[in-house]
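Please read the points alongside the coordinates.

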Amino acid sequence: MNRDEILRKNKQYIFPCVVNYYTEPLVADHAQAQYLWDSEGRRYLDFFGGILTVSVGHSNPKVTGKIKQQIDRLQHSSTVYPTEQIVALAEKLAQITPGKLQKSFFTNSGTEANEAAVLVARMATGSFDVVALRHGYSGHSQLTKSLTAMAPWRKSGVISVGVAHAISPYCYRCPLGMTYPGCGVECANDVEEVIRTATSGSIAAFLAEPIQGAGGFITPPKEYFKIVFNIVKKYGGLFISDEVQTGFGRTGKKWFGIEHWEVEPDIITSAKGMANGVPVGLTIAAPEVADAFKGMTISTFGGNPVTAVAARATIEVIEEEKLLENADSVGGYFRQKLDELKEKHTLIGDVRGMGLMQGLELVRDRKTKEPAPEATNQFMERCRSNGLLIGKGGLYGNVIRLSPPLNIRRSDVDEAVGLMDKSLSEVAT
Ligand SMILES: Cc1ncc(COP(=O)(O)O)c(C=O)c1O
């Protein structure tokens, strides 16, 4: 099919709610390492990685090679038969996740991973209420849409029984109008206020992203989660760290984002970058939590042998090529270059993130901080024309999300920043 035919059929046969980027959608054709080509043969430097999912480069041969071997050996068995592949992955995950997380439940997406986490937390605690954060994104099912706290992602289908939201640690737009560090991280105490006013007084879980992804890479002050953790424990809840975006080295130095905040979660959920693009969902819990799951469950494709091999191969590449260190050092360099870009372009109001998860919040005016969604769209379009793929997020549609593969080099950063500089100069302000 040519580009026009693909776009025509996309319109005719795909739910229109599945939105595409750009006024003229980009038809992806093939990709290799940090590059993606469109159907017209144009090459782009990919600094979004299919929404933080291509963690070790497109079609990484160390991952695809193992996938191909596994497809020819055993492609599917379902969980009614244990396999070497599923237990080997689960063992590896028990080794690299923090604290006493040990038992895994595999599914196919971050949405399902969060569904399972909340379900098992309710069974393990005997409580029902869950506290999540405003500006959070948890998935597209009814429960996870209820956990999500951004109106555009909550249309219809939301059943908010047993879900309450605390304010986000969004320093750039502090909901309390305060400034860090003088604020004393007052926002953390809102979790206690919410538990005491909007729940039954005891909770099953608190669920949050270590850095809010779709919310616009909102990065909390370093003390925030420690304070929240103590509150959650005081009210009997489990701490669920949603690492769908921050997991598997994305934030640099550590495997999981929550480790930067020195909190030991009771459950971690993940997906996206865990298998470099092969659909996967992970809910990993402490044994006493996992053992509390009553009754039977099944996820037909969960822990599929091909998926399990892809995830383990991805983890091995991250280990062998020291990508936690690379994400930290190249991420630090990237951050420095983005801070320099902010000095030059007043459209950039804030630079934030960790490792190779960096965001730019674009504003019409630095004083008023009025969001600049139109300029954000223009910037996206200009970057695309100049050969760079970037992502977007934030409640106001004004945050640029930058999440290249973890194995990029400084030269890739230089190229991307050069293209962003040029594109920013082309945005009409
Ligand atoms: C933090 C977070 N949790 C959960 C999800 C849902 O994952 P999925 O789209 O794989 O269902 C996402 C997706 O963007 C996410 O960013």
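Is the crossing of α4 and α10 left-handed or right-handed?

1. The crossing of α4 and α10 is left-handed, that is, the near helix is turned anticlockwise from the far one by less than a right angle. This is a predicted model, in which local features need pLDDT of at least 70 and side-chain atom pairs pLDDT 80 or more, while totals for chains, interfaces and linings use all residues. Residues are numbered from 1 along each chain as its sequence is written.

2. Helix α4 (residues 84-96) and helix α10 (residues 305-320) have axes that come within 8 Å and cross at roughly 35 degrees. Axes are lines fitted to C-alpha atoms over the stretch in contact, with angles from 0 to 180 degrees between N-to-C directions. Helices are DSSP runs (H or I, at least four residues), as are strands (E, at least two), numbered from the N terminus.

3. Residues Q85, I86, A88, L89, K92 and I96 of α4 meet P305, A308, V309, A311, R312 and I315 of α10; contact requires C-beta atoms, placed from the backbone, within 7 Å.

4. Domain 1 comprises 3-56 + 323-426 and domain 2 comprises 61-320, with bounds from an automatic or database domain assignment. Their C-alpha centres lie 24 Å apart. At the interface, 29 residues of domain 1 are in contact with 30 residues of domain 2. On the domain 1 side, α11 supplies the largest share, five residues.

5. The ligand is surrounded by 15 residues, the closest being S109, G110, T111, G139 and V244 (C-beta atom, placed from the backbone, within 6 Å). Helix α5 (residues 110-125) gives the most to this shell, three residues.

Methods. Two residues are in contact if their C-beta atoms, placed from the backbone, lie within 7 Å.
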